[in-house]
Amino acid sequence: MHFSQLLPPPLNPLPPGEGKFHFCECVMKGLYFVTDRDLCGEKLLAEVVLRAVRGGAACVQLREKDVSTNFFVEEASRIKALIAPYGVPLIINDRIDVALAVQADGVHVGQEDMPYGIARRLMGPKAIIGLSVETWEDVEQAQGLDCDYLGVSPVFATPTKTNTKEPWGLEGLAKIRAFSRHSLVGIGGLNAGNAEAVVMAGADGIAVVSAICASPDPYAAARELDGIIRAALAKRERLREK
Ligand code: TZP
Ligand code: MG
């Protein structure tokens, strides 16, 4: 029996208008799962991805730093097939060649990766392209780019990635929200204990690595996070309407 058959059925998608990822407008909203195979420990990466998606992850970013290109392409192709039935997009971290090879839905690039304009030209107008912003200068420069979301990196310091710039904190995130025209996806030290505050400070998406990969129950972890994020997005919307 395939392990996916042992899991509960997928959750209902968000109702129209509260869509997780509106491809046309490219509003990135919801739980964004970023992989780390080391943090998965004994668990199979593909199994963790599937459990995260079934628990409510609205987007999966495959992030590999230490595998061969050959392996990366094969894994990306497997994961793409695995999550396609859920309508969840696959984003490839850094590697545009891998994204093109498997016809992934998009890429996520940092400030030292492929320049955004070239990434867009290579990936095409329909691809989802996320760009990390680590400084205020990055945020200002991004204002002139048609990227689909900004990865606010890191919101908090995290042992998962230590070569980061100064964390933005909730204040920094709120400052970006007040200025930027883009969807914002927060990353770095995010978990069930702070996801609501991060949404209320302005993040549309919450990206997590260890909160799902290192959890003994990635399905339950994703489900809890998804519930918190949906509730916080709804609360933010209600406050905005007042
Ligand atoms: N980019 C900025 S922080 C980070 C990345 C990939 C790691 C986030 O990991 P965690 O475990 O969710 O704090
Ligand atoms: Mg990168």
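Reader: Hi! Is Asp-94 buried or exposed, or something in between?
Author: Hi! In this predicted model, Asp-94 counts as partly exposed because 18 other C-beta atoms lie within 10 Å. A residue needs 20 or more such neighbours to be called buried, and 12 or fewer to be called exposed.

Reader: Nice. Where does Asp-94 lie?
Author: Asp-94 is in the loop between S5 and H3. Its phi is near 70°, a positive value in a residue other than glycine.

Reader: And what is phi like at Gln-103?
Author: Gln-103 also has a positive phi, near 50°, and it is a residue other than glycine. You can find Gln-103 in the loop between H3 and S6. Gln-103 is exposed, because 11 other C-beta atoms lie within 10 Å.

Reader: OK, strands now. Which way do the residues of S5 point?
Author: Leu-90 and Ile-92 point one way, while Ile-91 and Asn-93 point the other way, and all are buried.

Reader: What about S4, which residues point which way there?
Author: In S4, residues 59-62, Cys-59 and Gln-61 point one way and Val-60 and Leu-62 the other way. All of them are buried.

Reader: How many bridges join S4 and S5?
Author: Three, and the two strands pair in the parallel sense. Val-60 stands opposite Leu-90 in S5, and Gln-61 has Ile-91 as its bridge partner.

Reader: Which strand is joined to S5 by three bridges and covers residues 106-109?
Author: That's S6, and it runs parallel to S5. One of the pairs is Asn-93 with His-108 in S6. The chain gets from S5 to S6 through helix H3, residues 96-102, and this β-α-β crossover is right-handed.

Reader: Which helix does the chain pass through from S4 to S5?
Author: Helix H2, residues 69-83, and that β-α-β crossover is right-handed. The 15 residues of H2 should span 21 Å at 1.5 Å a residue, and the end C-alpha atoms are 21 Å apart, so the two agree.

Reader: Which residues of H2 are buried?
Author: Phe-72, Glu-75, Ala-76, Ile-79 and Ile-83. They cover an arc of only 105° around the axis, which means they are on the same side of H2.

Reader: Why would residues three or four places apart point the same way?
Author: An α-helix has 3.6 residues a turn, so residues three or four places apart point the same way. On the other side of H2, Asn-70 and Ala-81 are exposed.

Reader: Changing topic: which residues come nearest to ligand 1?
Author: Of the 15 residues around ligand 1, the nearest are Thr-158, Thr-160, Gly-188, Val-209 and Ser-210. The shell divides into seven nonpolar, seven polar and one charged.

Reader: Last one: why does Arg-181 count as exposed?
Author: Because Arg-181 has 9 C-beta neighbours inside 10 Å. Its place is in the loop between helix H6 (169-179) and strand S9 (183-187). Arg-181 is 35 residues from Asp-146 in sequence, and their C-alpha atoms are 9.8 Å apart in space.

Conventions:
Residues numbered from 1 in each chain as written. Chains lettered and ligands numbered in written order. Predicted model: local features only at pLDDT ≥ 70, side-chain atom pairs only at ≥ 80, totals over all residues. Near = placed C-beta within 6 Å. Nonpolar A, V, L, I, M, F, W, Y, C, P; charged D, E, K, R; others polar. Helix = DSSP H or I, 4+ residues; strand = E, 2+ residues; numbered from the N terminus. Pairing = 2+ DSSP bridges. Right-handed = clockwise from strand over helix to strand, strands pointing away. Expected span 1.5 Å × (residues − 1). Arc of directions from axis to C-beta.
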